[in-house]
Amino acid sequence: MTHSTTYPHLLAPLDLGFTSLRNRTLMGSMHTGLEERKDWDAVAAFYSARAKGGVGLIVTGGMAPNSEGGVFPGAAGLYTDEDIANHRRVTDAVHAEGGKIAMQILNAGRYAYSHECVAPSAIKSPISPFAPKALDAAGIEKQIADYATAAARAQQAGYDGVEIMGSEGYLINQFLVTHTNQRDDAWGGSYENRMRFAVEVVKRARAAVGPDFILIYRISMIDLIPNGSTWDEVVMLAKAVEAAGATILNTGIGWHEARVPTIATSVPRAAFASVTKAMMGEVSIPIVTSNRINHPDVAESVLAEGCADMVSMARPFLADPDFVNKAAAGKADEIAPCIACNQACLDHTFSGKLTSCLVNPRACHETNLDYAPVTSAKSVAVVGAGPAGLMTAIVAAGRGHDVTLFDRSDRLGGQLNMARQVPGKEEFHGLVDWFTSAVAHAGITVRLGVEVITETLDGFDEIVIATGVVPRDPQIAGQDAHGNTVSYIDVLRDKVDVGKRVAVIGAGGIGFDVAEFLTTGDSPTLDIAEWKQEWGITDPQTDRGGLSPDGPNPDAPTREVTLLQRKAEKPGKRLGKTTGWIHRATLQMKGVRMLGGATYEEITAEGIVITKNGERELIEADTIVLCAGQLSDRSLADALEAAGRTVHVIGGADVAAELDAKRAIDQGARLAATL
Ligand code: NAP
Ligand code: SF4
């Protein structure tokens, strides 16, 4: 099979009349954080790597058209000649790699994290502490003019186009629905009036840049909020935006304040492609679909099924800049997969950190994390084939070292093999598969099922210890007396029998995972219809905004679970910034009782006795599952050091607290870059 027939739709060029795109991939907008740090070498390196990797059309992170519209104070924009010169470095670098790049113009409206923020009406959003000022007629004129000015400056800076951000609940979206627009002038009231702002922005931007410039309009196809747009309104807007001069229509799914997950790992792949499909034929400009498309097979079938003309992927290009070229070369198994965890991208963005990627620590660090080939190869032993050890081995071998990877288990992946058992975490299968193929391609010697002792490592130049963790024993009275207490490893890896009533001890990431595992039957993530029903998502054609009037409708839980922690705070408070609420909502839907502030008194044959606020309570349970955190497994490292050997200790073996794959992979990559 030739490669072009593997992904014929994805790799087909797209003729836009005045220009053409080399394939049907659009790199969706992601904030990097590099622009605010004024690290323009890094911005250029980041985008040019994606252009070199074959992306058809890159869209940058959102640039503010003015200070009141910035997502946060000081958000990057294109204001001065110096800004234009800096952006020119980026566009030149992308063009040098044969790529095309459009700048996204983003006015956050009431989502702007600032006292200056503006909106059609003075209605505060539920996700921001700042009440916006309602724009007057002159203020609206200024906002429109600022979009047009930003578009003209983008053209001066060498961009091939702009994307006008009209979705996700930002300013333009706020004009469109009565939820946020309660004006009674020419900009509010009827739908024609509410969409006037969006249409004027497109018209004026088009007038500012002339005909031969890509103008993408990102439309909110399904708002997923109460009183969102009807489908007829969305179609009316799409047609008006086309008439106003848009070149491409991109899909936005859900406002940021929506209480429905739209991009998290538990969202089924391509869950919203059908929403875009309904727009096909309504306009004659190309339409892009989006959300949870992370593999070329998925992208190809979405296009082959006529859901869209192009596919937008944002996070997948953080995970692997060479996604397109690898797909085109028939090497899809070598694409590092985005597992939609948000841990190093959106969670970073929303905590003011530089964006990166759990799977690819070089993302946004292209200029300071280099996997340069070595001049003299060393023999490197890596003990432990979890994420830390795997990444070390792959990067070290990629640089030319002679690497041997050991694990006592008979499979690669370490704790990832437990994570992949959890409903909604199916993407971890792909991650383990990618690690496995990368190990094979890197020519690493793999020795599984080996209990490594100090002598095993004699003769190696470098020794890396990535032996991971052992579960913490909470030593609760009675835990060994009744045969009813097991660890999360027994449940997730060894699949021991678990009764109908369960108490989970410890409400960290693993306690939540175990509670989800124990209350969920078949994973809704593998069935789009079931997943939508669970979260109360319908078609925008039948319900305004695509929300069912009946709300979420999850399957009944398969067990009765109580999730316990000692800290008095709300369980799950420390889970991922952008995903924790989904895990809490999921467990709530499954009727899980979540209890903080518990003191564990005793495990009995009936369950576990706790005290809370001075009151004793027996939580009746057939099975008690211990998820009380981890301790570093340093036994081998200690033995080697006692024998006078120098070792590098990484991952959970180094720091067990808040053990997570992001830190493990990052630490492994950075160590391997220096060996
Ligand atoms: P964790 O997040 O540190 O949580 C440990 C839990 O155990 C806490 O709820 C803690 O709450 C409790 N605990 C600690 N010491 C205890 C003791 N002596 N007795 C009783 N309870 C005790 O650890 P984790 O849940 O094991 O997750 C570790 C990290 O792995 C997560 O942060 C996440 O990043 C990652 N993760 C991994 C997986 C995976 O499958 N490998 C899955 C999800 C998340 P109290 O101290 O308040 O009781
Ligand atoms: Fe994807 Fe996670 Fe990487 Fe973000 S951090 S790009 S969600 S794999």
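1. The model is predicted: local features need pLDDT of at least 70 and side-chain atom pairs pLDDT 80 or more, while totals for chains, interfaces and linings use all residues. Residues are numbered from 1 along each chain as written, ligands from 1 in written order, and side-chain values use heavy atoms, without hydrogens and water.

2. Residues surrounding ligand 2 (a heavy atom within 4 Å) include Arg 315, Asn 342, Cys 338, Cys 341, Cys 345 and Cys 357. The shell has ten nonpolar, one polar and one charged residues, with Cys counted as nonpolar and Arg as charged.

3. Helix H14 (residues 387-398) packs against helix H16 (residues 427-441) at about 30°, their axes 10 Å apart. The two are therefore roughly parallel (under 35 degrees), and their crossing is left-handed.

4. H14 also packs against helix H22 (residues 661-674) at about 30°, with axes 7 Å apart. This makes H14 roughly parallel to H22; here the crossing is right-handed.

Note on methods: Axes fitted to C-alpha atoms, helices over the stretch in contact; angles between N-to-C directions. Helix = DSSP H or I, 4+ residues; strand = E, 2+ residues; numbered from the N terminus. Parallel < 35°, antiparallel > 145°, perpendicular 65-115°, else oblique. Left-handed = near helix turned anticlockwise from the far one by under 90°.
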